[in-house]
Amino acid sequence: MAVPTGVDVVVVGAGVSGLAAARALVHGGQRVVVLEARDRIGGRTWTDSALGVPVDLGASWIHGVDGNPLWALASSFGIDTVEFTVGSFQFDGRPIAWHGPSGTRLSPSAASSFVADLHTVDAALADVVASAPPPSTYAAAIDTVLRSLRWDGDPAARIREYAAHRSEDLCGAPVTVLDAHGLDEEHVAGDEVVFPGGYGQYAARLADGLDVRMSAVVQSVTQSDSGVVVGLADGSSIAAAHAVVTVPLGVLQAGDVTFDPPLSDPVTGAMGRLGMGAYDKVFLHFSTRFWGDDWVIRQQGSAGVDWHSWYDMSRVTGEPVLAALVGGSGARRLETLPDAMIVEEGVAALRRMFGAEAVPEPEASRITRWAEDPFARGSYSYLHVGASVDDHDLLGTPSGRVQLAGEATWGDDPATVHGALLSGLRAASRLLGTEVHASSLAAPLPVVPAVS
C-alpha cells in the first residue's frame, strides 16, 4: 500500500472533534484532509436559521465554564455568549415554573417543598451509587434511596419521574437502562452559557483554512504496516499514514464504517457496552411571549411524560421561541410522527398549563430527528447498564494507525462538546508526539499546499 507524499493524516468527520484534531495536526506540520459525509460542517453542532433567528438543533450549552476550553476559545474566536444555567437539568438556582400533574402551576411553597425533596434525594444518592453492585441501573439507585427515606405515594412518584426526565435529558436514555454510575460526570463547575449566534461558530472557526471535503461518505478504513486507505461510498479512496475517525458511536455500532483489520478488542468491547441516546428538540416560534419571565417550564405527572421541559429561548434569540427538549423513548416516539402531529402535541401540552386562549398557534416550527439521521444515529453516548466508567476512554484506544475520537471516547466529560474537542486534541497529541493545548487552536493556520 503506497502512501502519497501529500497526505499525513485523514480525519473522518468535520464535527468539533475532527476539526480540532485536524487543526492541531496542521499546526504541527502535518498535511491533513478532512472527510465529511454531510453537506455542512459541525456534526452534532448545527446552527439553523429557518425560524428567522439562529437556533441550535444539536448541542446548545457550554456545560460549566470553569476550566472549560470552549469558554476560553469563545473569547479568542470572538463568540458572544449568554448565561443560561439550566442546561444540566438543574432543579433550582434559576427561575423555573413547576406545574403539577393537573397542569396548574405549583404554589411557591409547594415548589420549594418539591425542590427540597430533590436535594434530600441527591444528598443520599451519591453513597447509594458508590455502593451499587454491578450491574445496577440509575432507576434502582433511586428506588433504594426512596426506600431508605421511607417515601411512597405522590412524593415518591414525583421523584421517580424527575429522575427519569434527568436521565432522558442528560443521556438520551430511559432511566431503566442507564447504569447507576451514568450521571457521575454530570456535575459541572461554574455557570453555563449559550450562544446568540449559535454553536456552529466554533466549527466555522476551527475549519478556517482546513482542507475539508463535503459529501464524502466513508465506508471503510484499511490499514497495513505502511499506512491506511479510506474508502468512500462513491468508489474513490484516499491514502495516508494515519487516520483519526470521529464518527458518532451510533454510526460505529451500526457497522456503517468497516475496519480491516478490525479495531482492537478494548475498542470493540467498549463499543458494544456503551449506549447511544436519542435527544431531540421541538422549537416553536410564537407571536407573543405568553409564558412570562421563567427560564424553564416543567410539567409533572403523566402529561409531562414526553413534554416535561420547555426552555425560553427568547433570552438567546430575542424572539418568542420555546424549545421542548425530549429524550429517550419519548424522542424515539416523536421521530416516528409527522411534524404537524408533533407540533399539535406540543401546543396541547402548553395549553394544558397556560390555557387554550393564552397559547396561540405557533408561527413556525423546527424539529430534530437525530436517531433517524444516518450520519449520527443518535444524539450522544451514555453509560448503558453493565458498562464501565472506563469504557469511554477504552473506546479511544489506538488500533495501529487508526484511532477513534469524539465525545464517546472522552471519559471525563462524555456527551459534551468540550469532551469532543479534548478527544480530538488527544488524538492529535498522540500523532505529533507532544501535548497540544486548546489555546493553540485560535492561531491562524500556516499556508500548506493543497493535497490532490
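Visitor: The charged end of which residue sits over the ring of Phe89?

Guide: The model is a predicted one. A charge counts as sitting over a ring if CZ of Arg is within 6 Å of the ring centre and within 35 degrees of the ring normal. At 4.1 Å from the centre of the Phe89 ring, the charged end that sits over it belongs to Arg298.

Visitor: Which residues do ring pairs link into a cluster with Phe89?

Guide: Rings pair if their centres lie within 6.5 Å. Through such ring pairs, Phe89 is linked into a cluster with Phe91, Trp98, Phe114 and Tyr162.

Visitor: How many residues apart in sequence are the parts that the pair of Phe84 and Trp295 ties together?

Guide: Phe84 and Trp295 form an edge-to-face pair, with 5.5 Å from centre to centre and 65 degrees between the planes. Phe84 lies in the loop between β5 and β6, and Trp295 in the loop between β15 and β16, so the parts tied together are apart in sequence by 211 residues.

Visitor: Is Phe290 buried or exposed?

Guide: Buried means under 20% relative accessible area. The relative accessible area of Phe290 is 17%, so this residue is buried.

Visitor: Which strands stand at the edges of the open sheet of four strands?

Guide: The order of the open sheet is β11-β10-β9-β13, with mixed pairing. A single partner strand is found for each edge strand, so one side of each is left without a neighbour in the sheet; these strands are β11 (237-240) and β13 (258-260).

Notes
Residues are numbered from 1 along each chain as its sequence is written. This is a predicted model: local features need pLDDT of at least 70, side-chain atom pairs count only at pLDDT 80 or more; totals for chains, interfaces and linings use all residues. Side-chain values use heavy atoms; hydrogens and water are left out. Two strands pair if DSSP finds at least two bridges between them. Helices (H or I, at least four residues) and strands (E, at least two) are DSSP runs, numbered from the N terminus. Rings of Phe, Tyr and Trp (its six-membered ring) pair if their centres lie within 6.5 Å; planes under 30 degrees apart count as stacked, over 60 as edge-to-face and the rest as tilted. Buried means under 20% relative accessible area, exposed over 50%, partly exposed in between (1.4 Å probe, protein chains only).
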